[in-house]
Amino acid sequence: MSAAGKGTSSTTGNRAELLPALKQELGKNGNLSKTVLTSLAGKTGLPLNEIYGVSTFYAYLPVLPAGKNVIRVCGCLPCDMKDARGVIGSIKKELGIEPGQTTGDAKFSLEQVGCIGACDQAPAMMINDRLFGNLTPARIAEILKSY
Amino acid sequence: MAEKRIVMGNCGVIDPQDIETYLARGGFKALNKARDKMKPKAIVEEVRRSGLTGRGGAGFPCGLKWELAMNARAGRKYLICNADEGEVGTFKDKYLLSHDPFGLIEGMGIAGRAIGAQQAFIYLRAEYHFLYDALCGAIEQAKGKGFLKDMDIRVFEGAGSYICGEESALMNSIEGMRGESRYKPPYPPTSGLWGMPTIINNVETLMNVPHIINKGADWFSAMGTKRSKGTKVFSVSGDVARPGVYELEMGSSLKELVIDLAGAQDIKAVQIGGSTGNIIPARMIDTPLSHETCLGSGAVVVFNTQRDIVDIVHNNMHFLSEESCGKCTPCREGTEVMLEILGRLTRGEGASGDISKLEDLARAMALASLCGLGQAAAVPVLDSLKYFSQEYVDRIEQSMYLRSYIGSQLS
């Protein structure tokens, strides 16, 4: 929980802590499987379908198994203009997966996402929480090797 | 005219992890003044007179918003800083949060006192998780110095959703729901988070506040144009030599920003305000940047003469259709149908009625969509049709030629 305090639970019930709780479970389990969501439903008293509905709304709350490292390549205009497609092509070649897929050894997932706020370093991608900017297709192999 | 750094005045000067460096630059003077010498009403009046408007895109008068919340009677009131910067081409809030978190905290302290909020949130987009610890650290330091006695600030992290930058979707997200837009009215200053009066301001808006309290409304309103006061922080990207964040006085020309500062040399068009922003042809490069013309979040993406306008608009629409929350039909279906038409155009499968279909859809979406996403989704489509209609016509004619050629080969 944030060091900056809670202070809201009394007026709002458990629901306000749903997003932070989902993130916490994600951190522990790597994805939000049915088992994880069911146990969270038990803990919060919210129906499972509600919790499933919330998690599937957000891009960063995957309900399907994801790789240990999630690669998110920005496909928006400023990155697309600077050859984001070449970057994605290079990742596809290195890992043998398409966007939306996970490698057989579950080491990497690949996703093409909306703007990640690094347009001045286009093309850019994030691997987990780390940002990589000013990419070239040739740099990809080396970056992936470091994981 | 050169840059005018007011909001960015401390960026690169202070140590964002050390409150002493902020204090040494006169930091928290404004909060002390607001707390010790000003009644909430006086604070709101100062902000209202300054003419400060929202910097997140909509440009709503900040003082008016605060006044509504201040006058609302309720047991609890909330302040939310919108740091869910998801607009395509925008990265100025990331820059501000990374370099001067204390400026934001001070602005929030003043806003909280003005409206009487006991609890505040900074809604931080998931993509900026790397800023989380630094922000919490800055809040702790401000607390340690006794600056946040009356209000608690909590950093609340988003989970990857563009629409959560829309204020009602953002509140739903904090409440633990899907980030879908709400019907309006009621508006947040009367009924917002958990039905309580709530103020939602962008990072940059709040960071203007300490300067207004320190130097006064008259100083602030002397800068800018009639309806756009102060400065604006712009994010410039695309075909420029020096992409980055620049702060200019409101009303400065597009030329100053993209040519003089960012070093663009070959310009076909510029998109201002992100994925739903206006597209302006190079011949209008002297356009002043203000709410009266076009501004949005201050995202400026430059396209050189090699770029294809239909491809640009298609990429925009792809993003918007992905990020539409799906609650209202005009936006959910409208963006999809536009994407389908634009996709056909880019693939050489255009048809003769495509332009009028796009125009019809644009009207319906602007009229009937629930929130800004759907209402403005067609802005780049309409602008590109206005200034670059020949490119659409060419695409359609090429498509028809291709089909007739293939047809003749087959028969």
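## Terms and model

A residue is buried if 20 or more other C-beta atoms lie within 10 Å of its own, exposed if 12 or fewer, and partly exposed in between, with C-beta atoms placed from the backbone. By that rule Asn134(A) is exposed, because 12 other C-beta atoms lie within 10 Å.

This is a predicted model, in which local features need pLDDT of at least 70, side-chain atom pairs count only at pLDDT 80 or more, and totals for chains, interfaces and linings use all residues. Residues are numbered from 1 along each chain as its sequence is written, while chains are lettered from A and ligands numbered from 1 in the order in which they are written.

## Chain A overall

Chain A has seven helices and four strands. Helices (H or I, at least four residues) and strands (E, at least two) are DSSP runs, numbered from the N terminus. From that end, the order of elements is α-α-α-α-β-α-α-β-β-β-α.

The C-alpha trace of chain A spans about 50 × 35 × 25 Å along its principal axes. Of the 147 residues in chain A, 39% are buried. Two residues are in contact if their C-beta atoms, placed from the backbone, lie within 7 Å. Take the contacts in chain A between residues at least 6 apart in sequence: 58% of them join residues at least 24 apart.

## Backbone features in the loops

Most residues other than glycine have a negative phi, and most peptide bonds are trans. Ala106(A) sits in the loop between helix H6 (84-95) and E2 of chain A. It counts as partly exposed because it has 13 C-beta neighbours inside 10 Å.

Pro123(A) lies in the loop between strand E2 (108-113) and strand E3 (125-127) of chain A. Pro186(B) is in the loop between H8 and strand E4 (198-202) of chain B.

## Helix H7 of chain B

Helix H7 (residues 132-144) of chain B has 13 residues. From first C-alpha to last it reaches 18 Å, close to the 18 Å expected at 1.5 Å a residue. The expected span is 1.5 Å times one less than the number of residues. Just after H7(B), Gly146(B) takes a positive phi of about 85 degrees.

Which residues of H7(B) are buried? They are Leu135(B), Ala138(B), Ile139(B), Gln141(B) and Ala142(B). These residues lie on the same side of H7(B), because they cover an arc of only 160 degrees around the axis. The arc is that of the directions from the helix axis to the C-beta atoms. An α-helix has 3.6 residues a turn, so residues three or four places apart point the same way. The buried residues of H7(B) pack against helix H1 (19-24), helix H5 (92-99), helix H6 (101-115), strand E2 (119-124) and strand E3 (152-157) of chain B. The face turned away from the buried side carries the exposed residues Asp133(B) and Gly144(B).

## Two crossing helices in chain B

Helix H3 (residues 40-50) and helix H9 (residues 203-215) of chain B have axes that come within 10 Å and cross at roughly 100 degrees. Axes are lines fitted to C-alpha atoms, for helices over the stretch in contact, and angles run from 0 to 180 degrees between N-to-C directions. H3(B) is therefore roughly perpendicular to H9(B). Angles under 35 degrees count as roughly parallel, over 145 as roughly antiparallel, 65 to 115 as roughly perpendicular and the rest as oblique.

H3(B) brings Glu46(B), Val47(B) and Ser50(B) to the contact, and H9(B) brings Val209(B), Ile212(B) and Ile213(B). By class they are four nonpolar, one polar and one charged. Ala, Val, Leu, Ile, Met, Phe, Trp, Tyr, Cys and Pro count as nonpolar, Asp, Glu, Lys and Arg as charged, and the others, Gly among them, as polar.

## Where the chains meet

The contact takes 46 residues from chain B and 37 residues from chain A. On the side of chain B that touches chain A, the elements giving two or more residues are H7, E3, helix H8 (167-174), strand E5 (231-238) and helix H12 (309-323). H12(B) gives the most, with six residues. That side of chain B has 18 nonpolar, 16 polar and 12 charged residues.
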